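Please look over the structure first.

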Amino acid sequence: MPFEIPSDLHPDLMPVVWLLGNWHGNGQGDYPTIDPFSYEQDVIFAHDGRPFLHYFSRTWITDESGERVRPGALETGFLRPAGDGQLELVLAHPTGYAEVWYGEVEGARITLATDLVARTSTAKEYTAGHRMYGLVDGDLMYAYDMAAEGQQMQSHLWGRLKRV
């Protein structure tokens, strides 16, 4: 699908302009404290002319035939360029977490790590995360590692999304 740079895009967003748009695809999840699972995902990276991207992701757990079984994770936040290829990401989750991430963009690859994870009294233990996003053959690919529930940092989610 062709992609055009919006005329009202803030110039600070040029390093991450490749994220803009609506994405759809599938992923896999695994962690020692849960059963492996598959999911379908919609992601939106939007802008309004200011120097940040609004990020929204929603997922649905799927069965072995790819059919939606139930709603999955939701998250929303803001990706903010901080100059010289540095990035800040602020995320919130309905499961009781708020996160501050720092990282960098190099071409069509982003790496981020948590600096702060705050959780409500009812949220499960989650202490740190690492994310990597990349544009590969026009698709958005990502991996998410986490440290939670007494486990060391390790792979949790990975997926491939197509621009829609």
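A charge sits over a ring if NZ of Lys or CZ of Arg is within 6 Å of the ring centre and within 35 degrees of the ring normal. The charged end of R131 sits over the ring of Y144, 4.9 Å from its centre. This is a predicted model: local features need pLDDT of at least 70, side-chain atom pairs count only at pLDDT 80 or more, and totals for chains, interfaces and linings use all residues. Residues are numbered from 1 along each chain as its sequence is written, and side-chain values use heavy atoms, with hydrogens and water left out.

**Charge over ring**
- R68 lies over the face of W60, 3.6 Å from the ring centre.

**Aromatic pairs**
- Rings of Phe, Tyr and Trp (its six-membered ring) pair if their centres lie within 6.5 Å; planes under 30 degrees apart count as stacked, over 60 as edge-to-face and the rest as tilted.
- The count is six aromatic pairs.
- F45 and Y55 have ring centres 5.1 Å apart and planes at 45°, so the pair is tilted.
- F45 lies in strand β2 (residues 34–46) and Y55 in strand β3 (residues 53–62), so the pair ties together parts 10 residues apart in sequence. Strands are DSSP runs (E, at least two residues), numbered from the N terminus.
- F45 is buried at 6% relative accessible area, and Y55 is buried at 4%. Buried means under 20% (1.4 Å probe, protein chains only).
- W101 and Y144 also form a tilted pair, 6.3 Å centre to centre with 55° between the planes.
- W101 is buried at 0%; Y144 is buried at 10%.

Notes. Helix = DSSP H or I, 4+ residues; strand = E, 2+ residues; numbered from the N terminus. Buried < 20%, exposed > 50% of the residue type's maximum accessible area, 1.4 Å probe, protein only.
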